[in-house]
Amino acid sequence: EGHSDRVSRRSSAVRRKKKGVTMTVPSNVLLQSFRSVLDSPGMSVSHARRGHAIATGFAHPADSAFVAASGAEPQSALVRSAKDVFAGTCGGITVTLVGHPFDTVKVLLQTQSATNPAYKGPLDAASKVVKSEGFKGLYKGVTSPLAGQMFFRATLFFGYARAKEIVGVSPDDPMSYAKAGLLAWMAGSFFESPIDLFKSQWQTQIVQAKQNPNYVPPYKTVGECVKASFKHNGIRGPYQAFGATLVRNLPAGAIYFGVFENTKNYFAAKHEDGKPRDWEIMFAGGLGGFFYWSLFYPVDVIKSAMMTDSINKAERKYKGFLDAGSQLYKQGGVKRLYAGLVPCLLRASPANAGMLFVVDKVKQLLG
């Protein structure tokens, strides 16, 4: 018997000698047995974990056995990143179109004078804007935040996907999602803060015009506002009130993604296929948005006051975060720090429910 024949025979069968008897097991039977082991309760990739991988974009460690057995090629980092960016962009469009009217009303109430308010409440503010400018008045200045939100949400969800990989999120560790959320919002704040500044500067001109018929807006376009920011403050100009942005975003962002992911996982565990239903994803997103805004709203009021302060540092009313908070409190106590809360919460749940649902669905559709 030739050497090549012996090698060929060994590659296609496993030999075992027992009491002088040679037993030959065909390779296809061996492979089938191996698959049976993988599909056993201790080794198989459960429906819940497969659903978790689809829903969160982060696979359970035991899923590596499934990938190895199926021969599936893992997606490249570039492909995963492109999908995260596209999904985040779609989310940015959604949150802007749903939430901008509420955001307009919120800014009007937050920045109006406490001693001589132009609006009695959110309904009064919305009705006066619609009466004087039509429904489109609620979308005044939407172009800048729309472009900004598309970019910001793309970077936020890209950062969140990478943060989940760094932290190693797992349904068995609920806090892991909060840690990843904190990291994502820390990075995202560098993009959000300039967008929020120029949007706030633009929207506050509406308030000034309503209170004073002779008011002349300092900026005719958002571009002029951007130029003025760099002119007076250099490269730090777009980061006016950046400290206040971080004070709000870091704890709020951790809670935001923590509540969303853990609520979604709670629903997913109740289904045999391990996947949350559409309404459950939207509920989880709405709940995350509600906690994001409700728990840290006074910080947002202080941030808005600092962002709507003069671009020219020499003309500003507030020296810093604590000084702004102190002056606002003197204007109307605790109530002043919750001005505009109602439209904010009315916006928070539907806008974030829609955004996180869209992001989740787009990522599922892209595979």
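Mentor: A cavity here is a set of grid points where a 1.4 Å probe fits but cannot get out, and its lining residues have an atom within 4 Å of a point. Please keep in mind that this is a predicted model.

Trainee: How many cavities of 30 Å³ or more does a search of the whole structure find?

Mentor: The search finds two.

Trainee: Which residues lie nearest the centre of the largest cavity?

Mentor: Of its 25 lining residues, Asp103, Gln149, Lys199, Trp293 and Arg347 lie nearest the centre. By class, the lining has ten charged, eight nonpolar and seven polar residues.

Trainee: And which helices supply at least two residues of that lining?

Mentor: They are H5, H7 (143-167), H8 (175-211), H10 (242-268), H11 (278-294), H12 (297-307) and H14. H5 gives the most, with seven residues.

Trainee: Staying with H5, why does serine 81 count as buried?

Mentor: Serine 81, which lies in H5 (residues 77-111), counts as buried because its relative accessibility is 15%, and the cut-off is under 20%. A polar atom of its side chain lies 2.8 Å from the backbone oxygen of alanine 77. Serine 81 also touches Phe158 and Arg162, leaving aside residues up to four places away in sequence.

Trainee: Changing topic, how many residues has the largest nonpolar core?

Mentor: It has 49, and those with the most contacts inside it include Phe157, Trp185 and Phe257. Helix H14 (residues 341-366) provides the largest share, eight residues.

Trainee: What does phenylalanine 257 touch?

Mentor: Not counting residues up to four places away in sequence, phenylalanine 257 touches Leu156, Phe157, Tyr160, Tyr177, Gly181 and Trp185.

Definitions and conventions:
Residues are numbered from 1 along each chain as its sequence is written. This is a predicted model: local features need pLDDT of at least 70, side-chain atom pairs count only at pLDDT 80 or more; totals for chains, interfaces and linings use all residues. Side-chain values use heavy atoms; hydrogens and water are left out. A nonpolar core is a set of buried Ala, Val, Leu, Ile, Met, Phe, Trp, Tyr and Cys residues joined through side-chain atoms within 4.5 Å. Buried means under 20% relative accessible area, exposed over 50%, partly exposed in between (1.4 Å probe, protein chains only). Helices (H or I, at least four residues) and strands (E, at least two) are DSSP runs, numbered from the N terminus. Contact means heavy atoms within 4.5 Å. A polar contact is a pair of N or O atoms within 3.5 Å; within protein, one must be able to donate a hydrogen and the other to accept it, and residues adjacent in sequence count only if both atoms are side-chain atoms. On a 1 Å grid over the protein atoms alone, a cavity is a set of points where a 1.4 Å probe fits but cannot get out, and a pocket is an open set with protein on both sides within 12 Å along at least five of seven lines; lining residues have an atom within 4 Å of a point. Grid points are joined across faces, edges and corners, and a volume is the space filled by probe spheres set on the points. Ala, Val, Leu, Ile, Met, Phe, Trp, Tyr, Cys and Pro count as nonpolar, Asp, Glu, Lys and Arg as charged, and the others, Gly among them, as polar.
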